Amino acid sequence: MSLYLKDSINFLSKLSFRRIINITKLFCSFYITKWTKRAIQWGVPMTISIEPTTACNLRCPECPSGLRSFSRETGNLKTDFFRSTLDQLHKDLLYLIFYFQGEPYINPNFLDMVKYASDKGIYTITSTNGHFLNDANAKKTIESGLDRMIISVDGTTQEVYENYRKEGKLESVLQGARNMVKWKKELKSSTPHLIFQFLVVKPNEHQIPEIYKLAEEIGVDEVKLKTAQVYDYKDGNELIPTIDKYARYKKNADGQYEVKNELLNHCWKLWHSCVITWDGLVVPCCFDKDAEHQLGDLKNSDFKEIWHNESYQNFRNSLLKGRDQIDICTNCTEGCKVWA
């Protein structure tokens with residue numbers, strides 16, 4: 001059985017009758033919204049991203065965590081708050097992403113929270129820079145029940161890798177991946193599905209063939225090539241790849257750059273998912289990195305109350321009128337996709 005098929009079967013095994021009903025409500029309300037141009041929201045999210053921490057050990061140039069540039073407070077997700085939030089959501093929730101900003105493993109209780117979610121039958125995923133996957137953490141990660149792990153490997157040599165992953169050590173990341181593969185075998189576990197994510201930027205685009213070879217040598221399950229979001233792109237940016245299919249931006253006749261994808265006035269993410277910051281703020285999606293569009297606060301309200309409140313409905317209606325008028329949407333290449 002292929003690794004992709006095993007992962008797909010594992011994902012589908014998390015479905016319950018209640019979760020299927022909720023997903024059906026989400027799809028129906030999304031498509032009725034597209035047809036009527038009026039925000040209709042049934043059901044609750046089937047996907048949620050929750051932020052274990054805003055802290056990071058690296059200094060990547062296009063990341064608020066790396067740049068230490070947040071205007072919002074920084075900190076770690078508290079276990080009690082996480083559990084009380086998940087207790088509100090777990091019966092309908094299918095997919096939980098333990099990531100927003102920061103490096104998840106910096107939170108000392110991260111894997112305990114993964115275990116809590118896994119025990120409730122939720123498909124769990126995280127994204128890590130790979131520097132904390134020592135032997136003990138690798139073993140505990142397998143035992144937590146984590147279903148999918150994305151490891152950022154944005155270069156196959158230290159010289160290229162550190163162009164983007166400032167202050168990172170490639171060999172530490174690769175050894176972490178080896179530890180994960182070793183403990184999966186030792187514990188006879190098919191999870192987590194291990195992915196090398198390669199953020200394609202100009203300095204590393206020539207190493208795309210090499211990342212596939214490296215993943216195969218180590219025993220990683222999959223390689224994903226990801227296009228890079230950059231903030232200052234209009235006049236060009238040294239990170240924009242020269243290989244067109246890996247660039248989110250195109251150069252116009254006047255020499256200025258713009259986002260390739262047309263901004264359609266609807267967004268699947270606003271119907272099936274949301275992001276919760278470490279301190280309980282609910283924001284629309286992962287493009288709101290500084291939590292400027294706060295739609296509710298879980299310290300003061302239940303999640304379902306926030307999901308259907310006036311602020312959320314107003315935000316959904318505003319994007320139906322023009323996503324090009326919403327700052328976090330203007331650099332987005334994902335929002336128009338269903339099942340993104």
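The side chains of Arg148 and Asp7 meet in a salt bridge, with N and O 2.4 Å apart; a salt bridge is here a side-chain nitrogen of Lys or Arg within 4 Å of a carboxyl oxygen of Asp or Glu. This pair links distant parts of the chain, since Arg148 belongs to strand E4 and Asp7 to helix H1 (residues 3–12), 141 residues apart. Helices (H or I, at least four residues) and strands (E, at least two) are DSSP runs, numbered from the N terminus. Both Arg148 and Asp7 are buried, where buried means under 20% relative accessible area, exposed over 50%, and partly exposed in between (1.4 Å probe, protein chains only).

The model is predicted: local features need pLDDT of at least 70, side-chain atom pairs count only at pLDDT 80 or more, and totals for chains, interfaces and linings use all residues. Residues are numbered from 1 along each chain as its sequence is written, and side-chain values use heavy atoms, with hydrogens and water left out.

Across the whole structure, a search finds 15 salt bridges. One of the salt bridges joins Lys140 to Asp112, with 3.5 Å between the closest N and O atoms. Here too the pair links distant parts of the chain: Lys140 lies in helix H6 and Asp112 in helix H5, 28 residues apart. Lys140 is partly exposed, at a relative accessible area of 35%, and Asp112 is partly exposed at 33%. A further salt bridge pairs Asp297 with Lys299, whose closest N and O atoms are 3.1 Å apart. In that pair, Asp297 is buried, with a relative accessible area of 16%, whereas Lys299 is exposed, with 52%.

Helix H6, which holds Lys140, can be followed from end to end.

Helix H6 spans residues 135–144, and its buried residues are Ala138, Thr141, Ile142 and Ser144. Viewed down the axis of H6, these residues fall within an arc of 160 degrees (taken from the directions from the helix axis to the C-beta atoms), so they line one face of the helix. Their cover includes helix H5 (110–118), strand E4 (148–152) and helix H8 (170–186), with contact meaning heavy atoms within 4.5 Å. Just after H6, Gly145 adopts a positive phi of about 90 degrees.
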